[in-house]
Amino acid sequence: MISLRPELSGVKRLVVKVGSNVVIKESGRCDRRKLRILVEDIVALQESGIEVIIVSSGSVSLGKTYLKEHIPKDSGVDLQQSASSIGQPILINIYSTLFEENEGICSQILLTHDDFRNRERFLQAKQTIEVLLKNNIVPILNENDSISYNRNTVGDNDHLAAQTAQMVGADALLVITSANGLYDRDPADPDANFIKKVDFGDELANVDMTTKTSFGRGGMSSKIHAISKVTPLGIKAILSSKDKERFIIDPLTQQVGTYFSPKNHFNPELKKAWLLSTKKPNCFIRVDEGAYRALLRGKSLFAKGILEVQGSFFCGDSVDIVFGDREFASGICEYDSEEINLIKQRHSDDIEEVLGFRTSLEVVQTNNLVINENTDIKENSNERIS
């Protein structure tokens with residue numbers, strides 16, 4: 001039986017995210033030795049009564065090595081799609097073989113952002129995973145890169161892991177990468193200090209976010225952003241290195257990696273937890289003080305109170321809402337980013353004139369809004385918000 005470290009006491013369901021640099025060698029071939037260790041550790045966790053979901057990168061990096069002619073541009077979506085369609089079946093076949101060698105079994109689930117932002121598809125994916133876990137089968141998730149494009153991409157597997165952790169009601173998220181964890185500066189600097197623990201609410205402005213490998217899309221900043229999605233939901237998180245001998249078991253049983261403590265006593269209404277975890281990365285709406293105060297009182301967000309739109313997103317996406325330099329809320333948008341840019345600081349009655357249509361008076365409706373902070377607001381009867 002595996003004895004978990006004290007911080008993880010009571011953990012029964014775990015999401016493990018492994019990056020491309022864990023799965024793939026520098027040569028572009030699959031690192032079977034690493035994957036064998038991973039599978040052995042996962043099976044050991046199962047035998048100790050812990051349910052595990054794997055979010056695994058690697059299919060695009062693996063598939064690239066087989067594209068010899070007519071290779072798309074390296075930064076193009078078509079390269080990602082074609083390489084993924086080659087690498088994904090190879091990768092899942094290796095996983096499946098290794099699980100069978102350890103008397104286990106795995107399954108494959110490929111998802112896009114649409115599977116999270118569409119409530120019906122979200123619940124169907126959740127139910128599928130629940131059935132698999134009840135049958136002692138390890139679901140292996142990846143973004144469906146062969147059909148993903150700007151409108152429906154999750155962003156990277158760090159964010160897919162965070163959204164999966166919320167979806168399945170995980171107790172903890174383990175992110176395996178090339179770094180030992182967080183440092184206050186470049187780890188190559190001899191004066192760099194390792195950060196063993198991040199308490200919920202700690203500021204990370206002085207933390208080094210530059211770590212990025214030659215594989216994959218996500219760097220350290222992406223991992224921290226993803227982890228920051230789950231800790232407000234009461235989910236514990238650990239960021240640890242692929243270079244440990246038992247790189248799954250060690251951070252779960254020893255003081256290895258950086259531990260992120262979650263918000264205590266969190267008991268979210270399920271739809272709001274779903275909304276928080278599906279936020280589109282690197283996208284936000286900045287509002288003025290009037291809109292900020294109105295949102296804190298439970299009002300909807302109207303175009304009149306919007307000052308700035310950052311990033312590219314679409315109707316139905318969940319994004320951060322910012323006042324000053326604080327992300328104080330999240331909400332599902334009724335318009336896409338280009339449309340909001342056109343109607344910002346305009347009255348709701350002007351929307352149809354500007355866009356040629358109007359799907360809603362609000363940019364974010366109050367029933368699709370989550371406030372992330374507690375602030376006392378004095379009522380101002382003269383305040384106009386629409």
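Visitor: How many salt bridges does the structure hold?
Guide: The structure holds 17 salt bridges. Keep in mind that this is a predicted model.

Visitor: What does arginine 246 meet in a salt bridge?
Guide: Its partner is glutamate 40. The two side chains come to 3.4 Å, N to O.

Visitor: Where do arginine 246 and glutamate 40 lie?
Guide: Arginine 246 is in the loop between β9 (236-241) and α9 (249-253). Glutamate 40 belongs to helix α2 (residues 32-47). The pair therefore ties together parts that are 206 residues apart in sequence.

Visitor: And how does arginine 246 count, buried or partly exposed?
Guide: Arginine 246 counts as partly exposed, at 28% relative accessibility. Glutamate 40 is also partly exposed, at 29%.

Visitor: OK, aspartate 115. Which residue forms a salt bridge with it?
Guide: Arginine 121 does. The closest N and O atoms are 2.9 Å apart.

Visitor: Is aspartate 115 buried or exposed?
Guide: Aspartate 115 is buried, with a relative accessible area of 14%. Arginine 121 is partly exposed, with 38%.

Visitor: Next pair. What does lysine 279 meet in a salt bridge?
Guide: Lysine 279 meets aspartate 320, at 2.8 Å from N to O. This pair links distant parts of the chain, 41 residues apart. Lysine 279 sits in strand β11 (residues 279-287), and aspartate 320 in strand β13 (residues 318-323).

Visitor: Is that lysine 279 buried or exposed?
Guide: Lysine 279 counts as buried, at 10% relative accessibility. Aspartate 320 is buried as well, with a relative accessible area of 3%.

Visitor: Which residues do salt bridges with shared partners join into one network?
Guide: Arg13, Glu51, Lys126, Glu130 and Lys134.

Visitor: Back to β11 and β13. What is the strand order in the open sheet of 5 strands?
Guide: The order is β12-β11-β13-β14-β15. The pairing is mixed.

Visitor: Which are the edge strands?
Guide: They are β12 (306-310) and β15 (364-371). Each pairs on one side only.

Visitor: By how many degrees are neighbouring strands turned against each other on average?
Guide: By 35°, with direction ignored.

Visitor: In what sense do β14 and β15 pair?
Guide: Strand β14 (residues 326-333) pairs with β15 in the antiparallel sense, over 4 bridges.

Visitor: Change of topic. Where is threonine 65 found?
Guide: Threonine 65 is in the loop between α3 (59-64) and α4 (77-101).

Visitor: What lies 2.8 Å from a polar atom of the threonine 65 side chain?
Guide: The backbone oxygen of leucine 62.

Visitor: Leaving aside neighbours within four places in sequence, what is threonine 65 in contact with?
Guide: Ser27, Gly28 and Arg29.

Visitor: Last one, leucine 173. Which strand does it lie in?
Guide: Leucine 173 lies in strand β5 (residues 172-177). Its relative accessible area is 2%, so leucine 173 is buried.

Visitor: What is leucine 173 in contact with, leaving aside its neighbours within four places in sequence?
Guide: Its contacts include Leu14, Val15, Ala161 and Ile227. Val230, Ile235, Lys236, Ala237 and Ile238 are also among them.

Visitor: How many residues along the chain separate leucine 173 and isoleucine 53?
Guide: They are 120 residues apart along the chain. Their C-alpha atoms are separated by 9.7 Å.

Key: Residues are numbered from 1 along each chain as its sequence is written. This is a predicted model: local features need pLDDT of at least 70, side-chain atom pairs count only at pLDDT 80 or more; totals for chains, interfaces and linings use all residues. Side-chain values use heavy atoms; hydrogens and water are left out. A salt bridge is a side-chain nitrogen of Lys or Arg within 4 Å of a carboxyl oxygen of Asp or Glu. Helices (H or I, at least four residues) and strands (E, at least two) are DSSP runs, numbered from the N terminus. Buried means under 20% relative accessible area, exposed over 50%, partly exposed in between (1.4 Å probe, protein chains only). A polar contact is a pair of N or O atoms within 3.5 Å; within protein, one must be able to donate a hydrogen and the other to accept it, and residues adjacent in sequence count only if both atoms are side-chain atoms. Contact means heavy atoms within 4.5 Å. Two strands pair if DSSP finds at least two bridges between them. Axes are lines fitted to C-alpha atoms, for helices over the stretch in contact, and angles run from 0 to 180 degrees between N-to-C directions.
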